[in-house]
Amino acid sequence: MSTLLTIGLVSGGGTILYLLLDRRDNAVRDYMLLSLFCGVLAMLAYLVELNISDLGAKITAIKFGYLGKLLINPLLICFALRYYEATLHWFWRLLLFLPAFVMQFFIFTCTENNLYYEYIGIGKDGLTEFQPGTMYYAAMTYTFTLSALYLAFLLYHRKHLQKDAKLLNTMLLYAGILPNLCLLVYLTGFTNSLDLTPFGIMLGTLVTTFAILRFGLLNRDALLQNMSTAIILLDSNGHLTYANPAAYHILPNLDAPMFKKRERDLNPLLSDQLSFVSVGLATYQRKVTNLQNKDGSQGTLITYDDVTEIKARLNRDAMTGLLNHASFYQTLEHDMQTADAHDHPLSVAIADIDSFKAINDNFGHANGDVILISLAHLLQDCCKGLDVFRYGGEEFAVIFHSDYDTAEAVMQKALNKFSATRFKFLNRPVTFSFGTAQFDGSETAVDMFDRADQLMYTRKKELHAREAAENKS
């Protein structure tokens with residue numbers, strides 16, 4: 001028996017640890033965790049009782065063992081109610097546990113009165129023997145009644161289940177039947193003084209452990225509660241019928257009483273402005289699905305998925321790692337609004353590598369890519385803390401939160417460093433032309449970019465003119 005109980009303790013303890021490491025908010029798991037703890041407590045107490053000879057120590061072990069035995073069944077009922085999404089008023093839930101604590105009082109005072117045990121001692125076989133009292137039979141009645149309720153509840157829901165759900169239901173039935181079956185065998189006197197109840201708890205613990213590892217313990221409601229995807233359900237009038245915690249995180253206003261009491265409709269959530277929602281650094285994308293409820297009425301399912309990483313990838317140039325053309329104007333327009341609101345200077349600089357087509361044609365695109373990557377890294381180094389973009393091809397852009405002169409000075413410093421860079425496949429320096437424009441407070445992002453671009457091309461023409469003059473001389 002000691003070996004079997006040890007197996008049960010290891011199994012139960014390991015499962016408890018497994019559930020404790022599961023960080024998901026799940027009341028189903030919590031009820032099972034407490035049930036397993038009570039089972040482990042009952043087995044540990046009986047193991048101690050079997051292996052000590054002092055009567056006082058045996059009685060102490062019995063007292064704590066009963067604390068586990070009496071609480072297992074009400075916890076299992078709460079687990080089953082939660083798992084199969086049945087509701088029970090708090091008063092009836094309290095009534096499930098109240099008799100267990102009343103019985104526990106009589107058990108802990110069993111040496112002072114004879115209400116639970118009329119007699120308790122040690123038999124010739126070294127096992128505890130006792131004469132039951134009135135409260136002992138009351139405790140057994142309480143245990144079997146709750147066990148019958150638990151089994152009846154599982155059997156009631158069993159008829160609607162299929163495949164894995166039905167197999168899990170079967171395992172939960174066995175987990176509830178085995179301890180009570182062993183208790184019944186013990187009460188018949190067939191095992192003399194050997195209480196088989198902890199053995200039944202051990203078997204039930206093994207079955208429960210396998211069920212948890214095989215199927216998990218997340219019911220439909222718990223799955224929705226733990227999803228990172230925001231889920232919002234609206235009825236045909238656009239009133240809120242359900243929202244999971246992720247939805248309240250992304251759209252905190254959903255928690256307002258006017259929405260929870262269905263006093264205001266939420267159809268504005270379907271507008272284009274809310275197709276994407278940003279929360280901090282995260283971005284969420286909306287999906288809308290029309291539903292038909294069981295009563296035939298129409299409803300709407302709104303989900304928001306985290307697309308932060310996907311959006312970040314779409315906004316990045318794969319080769320250089322810089323922000324790309326797709327995000328340039330969005331960022332620039334946002335920065336222009338901020339600069340205008342706070343009366344701060346804002347400038348944009350455009351850089352274009354000189355004679356880049358000739359480099360690609362003469363030395364290959366692979367070597368051209370080396371130059372592009374080199375300039376990207378150099379601009380990031382010279383413009384730390386600023387947004388640097390690969391605007392397209394060999395053209396780059398930088399947004400400066402400073403005036404024209406400061407931006408020009410930084411870009412000139414970058415040009416000096418880049419022209420000093422030597423590439424193995426070239427016997428001459430590579431340069432770039434740049435142009436800068438400062439936001440005038442009224443122009444559009446496109447107009448501001450065009451001014452910088454025009455200055456860049458003016459300087460590029462001047463460079464080509466100088467080179468042509470030098471070649472003639």
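**Entry 1: the α1/α2 crossing**

I started with how α1 passes α2, and the crossing is left-handed (the near helix is turned anticlockwise from the far one by less than a right angle; clockwise would be right-handed). I was looking at a predicted model, where local features need pLDDT of at least 70, side-chain atom pairs count only at pLDDT 80 or more, and totals for chains, interfaces and linings use all residues. For my own bookkeeping, residues are numbered from 1 along each chain as its sequence is written, and side-chain values use heavy atoms, with hydrogens and water left out.

Helix α1 covers residues 2-20 and helix α2 residues 27-50; helices here are DSSP runs of H or I with at least four residues, strands are runs of E with at least two, and both are numbered from the N terminus. I noted an angle of about 155 degrees between them and axes 9 Å apart (lines fitted to C-alpha atoms over the stretch in contact, angles running from 0 to 180 degrees between N-to-C directions). The two helices are therefore roughly antiparallel (over 145 degrees; under 35 is roughly parallel, 65 to 115 roughly perpendicular, the rest oblique).

Next I listed who touches whom, with contact meaning heavy atoms within 4.5 Å. On α1 the contact includes L5, L9, I16 and L19, and on α2 it includes M32, L36, F37 and L47. The contact residues come out as 15 nonpolar, 6 polar and 1 charged (nonpolar: Ala, Val, Leu, Ile, Met, Phe, Trp, Tyr, Cys and Pro; charged: Asp, Glu, Lys and Arg; polar: the others, Gly among them).

**Entry 2: salt bridges**

How many salt bridges does a search of the whole structure find? I got 8, taking a side-chain nitrogen of Lys or Arg within 4 Å of a carboxyl oxygen of Asp or Glu.

I looked at K287 with D305, whose closest N and O atoms are 4.0 Å apart. K287 sits in strand β6 and D305 in strand β7, 18 residues apart. K287 is partly exposed at 48% relative accessible area, and D305 is partly exposed at 22% (buried is under 20%, exposed over 50%, partly exposed in between, with a 1.4 Å probe and protein chains only).

Then came D354 with K460, at 2.7 Å. This pair joins the loop between β9 and α13 to helix α16, 106 residues apart. Both D354 and K460 are buried. I also found D352 linked with D354 and K460 in a network of salt bridges.

Last, I checked R459 with E408, also at 2.7 Å. R459 is in α16 and E408 in α15, 51 residues apart. R459 counts as partly exposed at 24%, while E408 counts as buried at 14%.
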